[in-house]
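Here's a quick briefing on a protein model, with a look at its aromatic rings and one of its strands. Have the 3D view open and follow along.

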Amino acid sequence: MKTFGKTLLALSMAGLMTAHAHAADNVLHVYNWSDYIAPDTIAKFEKESGIKVVYDVFDSNETLEAKLLAGKSGYDVVVPSNNFLAKQIKAGVYQELDRSKLPNWKNLDPDLLKAVGDASDKGNKFAFPYMWGTIGIGYNPEKVKAALGVDKIDSWDVVLKPENIAKLKSCGVSFLDSPTEMIPVALHYLGYPTASEDKKQLAEAEALWLKIRPSIAYFHSSKYISDLANGNICVAIGYSGDLEQAKERAKEAGDKVKLSYAIPKEGAGSFYDMVAIPKDAENLEAAYKFMNFLLQPEIMAEITNEVRFPNGNKAATPLVDKDISGDPSIYPPADVVAKLYAISDLPAATQRLLTRSWTKIKSGK
Ligand code: N2P
């Protein structure tokens, strides 16, 4: 009796373990930017597909790239910005997409597809656009007024003129930790091409950064959301949707902190984040299912409503909340778009210069 009992127990445990191993087989590993999805998107996909998702986040292209170039990242779906995508395609990191597995591809915005395709992936063979946005200035008007005497920011002068940012130092200014996105801010301000490969121009941009460096509280690409919302800093140079999320968080926390977002009148950088499959992805079938799930207009509209970045899905636009699609700081109007510059894929030698320069800028020496 006892023996049977044991045997049956062993059998049922073996059965359980097989069932468990089977569920564990169908796991999808996704690596996306932080604060870049709606709270229930993953749960909805898991419920609909029966696939378990391991969802990890990063806040810089450099972090993602280090994993991809090392190989065997373990990820099935990743979201590089288009300039990084371009060089990673050349490095052989991605696999060509099988469009027959992505019937919802038809919902994408053909103009955006062509623009990002021409810039970084001819014919859109390897990726599709997820979200895009601008790199501008988020600020706390009350604190800026107290420090600087004005409560409206509309120019890069406020943070790039040493005498201005010195006044803001007391309330805290942060910048993105991203050489490819931050060095062009100085190049653009100095009137140089944002993809300059000219060593003299790059040295001038570095000199400008070193001048304002003593007034910068920190460089980080996600922490500023909560710091702005809590009133710990007064100005953050960051990603549009993240700065809009900071505004919302401050409202939800009782509206004591009020925040604004500005795309400076001189123009600003824009980025396009792309969904792609690494060559060594292990769960290809699940990767396609997830991508096709993301390509649904309803799903993308829900994500935009949450994270406040415009998406690449044209069919989703009518489904986005009107106060978001009608907000010019989230969906910039044509005259503002005309002044945006895209971040370029730079030759390796220039890229190395930027990285070196950035280390120097951050250390302030
Ligand atoms: C999401 C930031 C994504 C924009 N938090 C940078 N590619």
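Predicted model: local features only at pLDDT ≥ 70, side-chain atom pairs only at ≥ 80, totals over all residues.

Y36 sits in the loop between β1 (27-33) and α2 (41-49), while Y130 belongs to strand β4, so you're looking at a link between distant parts of the chain, 94 residues apart.

- Another edge-to-face pair is W209 with W358, at 5.3 Å centre to centre and 85° between the planes.
- W209 comes from helix α10 (residues 199-212) and W358 from helix α17 (residues 348-363), so this pair ties together parts 149 residues apart in sequence.
- Buried or exposed, what are W209 and W358? Both are buried.
- Across the whole structure, a search turns up 17 aromatic pairs.
- Y36 and Y130 also belong to one aromatic cluster, along with Y31, W33, F58, Y75, Y239, F271 and F309.

**A charge over a ring**
- Look for K223 over the face of Y218, where it lies 4.6 Å from the ring centre.

**Strand β7 and its neighbours**
- β7 covers residues 235-239, and five of its five residues are buried.
- Strand β4 (residues 127-139) runs antiparallel to β7, and five bridges join the two.
- Strand β5 (residues 173-175) runs parallel to β7, joined by two bridges.
- V235 in β7 is a handy spot to check: Y139 stands opposite V235, and V235 is also the bridge partner of V173.

Terms used: Residues numbered from 1 in each chain as written. Heavy atoms only, no water. Buried < 20%, exposed > 50% of the residue type's maximum accessible area, 1.4 Å probe, protein only. Helix = DSSP H or I, 4+ residues; strand = E, 2+ residues; numbered from the N terminus. Pairing = 2+ DSSP bridges. Phe/Tyr/Trp six-rings, centres within 6.5 Å; stacked < 30°, edge-to-face > 60°. Lys NZ or Arg CZ within 6 Å of the ring centre and 35° of its normal.
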